[in-house]
Amino acid sequence: MQVLWFAIAGLLAQLVDGTLGMGFGITSSTALVILGATPVAASAAVHFAELGTTLASGASHWRAGNVDTRVVKWLGIGGGVGAFAGATVLSQVSLSGAKTAMSSILLLLGFVLVARFGFNARLIPQIQGKPRAKMLIPLGVFAGFFDASGGGGWGPITTPTLLSVSDQTKPRTVVGTVSASEFIVSACASLGFVLGASTSGLDWQVIAGLLIGGVLMAPFAAVVAGRLPHAPFGALIGGMVILTNGRTVLLALGAPGGLIPWFVAVIAIAAVTLSWRAWQRERRVGVEASVFEAADDYTEPREA
């Protein structure tokens, strides 16, 4: 029964990740931490499961024509180095306070999602043309380190960055490329956990469930990438991550018990409101684009 529940979790997490280019690690790690897993066990379990899910997702996106192999190469090299370092560091950190530290990182990543999808915030100016290796490698190192040490973060860091800096890459190509390069990140993070002797506390039923659900969902998610309403979906996921991990951080800081229900209510209402506004914004942009396309196709009738 445990495998079934985590298979369902893997299905949902992969649907988010495969369509938005982010979310599998954050949602899965958040669920495992809530259920009582240690930060090392949660991150290790997610990355072992991602060995299968990212391979299936990357292959599905490649078949759908959503992958830029040049970007995968340079981003994956940096990501692999960063992920190995992050896994090694997390394996050596004392468990005391590690859960709070991990929730703090996930909380930060939740704000990244809300800023990107809820407020449509572009924090990095666009560049002309496609990103080059001198930008992709450092980006990969940074995102890979956060991903392995925090249990998630590859997508929330790389996907918004690539969408923000490039004016010649389609969103579905960014999603597919990030998903494909994540296999390298997962492999290097898993190696770091193995060498750090952090696999003894793993629940292989959890890993099997996440893996089965993610692999089954990967082909479907690759097909619908770029077709679902990204902004409202991303805003809701970001709000969920802020809500769950913010609660953990507040409790660790000794916040009064009466404050927690108010925090949950405010974040839930804000997430739903931002999601609604994001949906309206996407609809408005879509209508305007249709009007412009119709205007471009219009030709004046000739006089008789």
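Predicted model: local features only at pLDDT ≥ 70, side-chain atom pairs only at ≥ 80, totals over all residues.
Arg132 sits in a loop. That loop runs between helix H5 (98-118) and helix H6 (133-150). Is Arg132 buried or exposed? Arg132 counts as exposed because its relative accessibility is 59%, and the cut-off for exposed is over 50%.

## A nonpolar patch

The surface also carries a nonpolar patch. Leu4, Trp5, Ile8 and Leu12 make this patch, which covers about 430 Å².

Ile8 belongs to helix H1, which spans residues 2-20. Its relative accessible area is 36%, so Ile8 is partly exposed.

## The chain as a whole

How many helices and strands does the chain have? The secondary structure comes to 11 helices and zero strands. Read along the sequence, the pattern is α-α-α-α-α-α-α-α-α-α-α.

The chain has 304 residues, and 50% of them count as buried. Its accessible surface comes to about 14400 Å². Carbon and sulfur atoms account for 69% of that surface.

Contacts also reach across the sequence. Take the contacts between residues at least 6 apart in sequence. Of these, 86% join residues at least 24 apart.

## Ser179, a buried residue in helix H8

Ser179 lies in helix H8, residues 171-195. Its relative accessible area is 1%, so Ser179 is buried. The cut-off for buried is under 20%.

Which residues does Ser179 touch, leaving aside those up to four places away in sequence? The contacts are Asp17, Thr54, Ser57 and His61.

## Ala49, a buried residue in helix H3

Ala49 is in helix H3, which covers residues 39-63. Ala49 has a relative accessible area of 0%, and therefore it is buried.

Ala49 touches Ile207, Leu210 and Leu211, again not counting residues up to four places away in sequence. Another pairing links sequence and space. Ala49 and Ser190 are 141 residues apart in sequence. In space, their C-alpha atoms are 9.6 Å apart.

## Exposed and buried, side by side

Arg132, at 59%, is exposed. Ile8, at 36%, is partly exposed. Ser179, at 1%, is buried, and Ala49, at 0%, is buried too.

Note on methods: Residues numbered from 1 in each chain as written. Heavy atoms only, no water. Helix = DSSP H or I, 4+ residues; strand = E, 2+ residues; numbered from the N terminus. Buried < 20%, exposed > 50% of the residue type's maximum accessible area, 1.4 Å probe, protein only. Contact = heavy atoms within 4.5 Å. Areas by Shrake-Rupley, 256 points an atom, 1.4 Å probe, with all protein chains shown as cover. Patch = residues over 30% accessible without salt bridge, like charges linked within 9 Å, V, L, I, M, F, W, Y side chains within 5 Å. Salt bridge = Lys/Arg side-chain N within 4 Å of Asp/Glu carboxyl O.
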